[in-house]
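Q: Please show me how to read a few features of a protein model, one at a time.

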Amino acid sequence: MQQLRDTASRLMILNDEIAQTYSRYQNDRKLFCRSGCGECCLHPGIEASVLEMLPLALHLYDAGLAESTLEALQQHTQDGCFFYQASSEDRKSGQCGVYPYRPAVCRMFGAAGYRGREGEVLLSICKVIRADEPEAVIATEQSLSSETPPMMRNHKAQIAQLDYELSKENMPIKQATEAALEKVLTKAYYASFAE
């Protein structure tokens, strides 16, 4: 169990660095997320690794909520992130209920770089930011040849270096959270025999 905790601690430090890198880039380029926007949280295709969800799983375990959260996740059928707390009827406004423990993919979201088929640097940008900040988006896209944005792939590789097994597969956030909770609960169960 201590190894999981050590890995999660190292990941939280890396996650903070990742969040600062993407936030700084987005602020410098004037690519701001709309306050209270939750459109990305509602997207059913957002994926994370089990490793990305490990800090949250340990937090829930320490709070005595791991088993009940796992059961609730297994019953959850709505699209989007289980931890998203909608504040509007259309669910497009809200906030993250586990913000300090959100996965790296959420920290990278908004505006990030990736490589195209020809190896060229492209910009992955949120449709809401694209609509809200069209001039900033155009200026950023025009600057891609001279100013490389933070690259999602590079940061995913840094995360994988912490624990390849737990980071080798991306899956929907719900499944990744379930797997992380099951990993923590299993480790805790067997650790109790060693005491």
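**Reading the model**

A: Start with Arg91, which is partly exposed at a relative accessible area of 23%. Buried means under 20% relative accessible area, exposed over 50%, and partly exposed in between (1.4 Å probe, protein chains only). This is a predicted model: local features need pLDDT of at least 70, side-chain atom pairs count only at pLDDT 80 or more, and totals for chains, interfaces and linings use all residues. Residues are numbered from 1 along each chain as its sequence is written, and side-chain values use heavy atoms, with hydrogens and water left out.

Q: What is the phi of Arg91?

A: Most residues other than glycine have a negative phi. Arg91 has a positive value, near 70°. Arg91 sits in the loop between strand E2 (84–86) and strand E3 (94–96); helices (H or I, at least four residues) and strands (E, at least two) are DSSP runs, numbered from the N terminus. Lys30, which is not a glycine, also has a positive phi, of about 60°, and lies in the loop between H1 and helix H2 (39–42).

Q: What should helix H1 span?

A: The expected span of a helix is 1.5 Å times one less than its number of residues. For the 27 residues of H1 (residues 2–28) that gives 39 Å, and the end C-alpha atoms are 39 Å apart, which agrees.

Q: Is Gln26 buried or exposed?

A: Gln26, in helix H1, counts as buried because its relative accessibility is 9%. Among the residues that Gln26 touches are Leu31, Met108 and Phe109, where contact means heavy atoms within 4.5 Å.

Definitions and conventions: Lists of a residue's contacts leave out its neighbours within four places in sequence.
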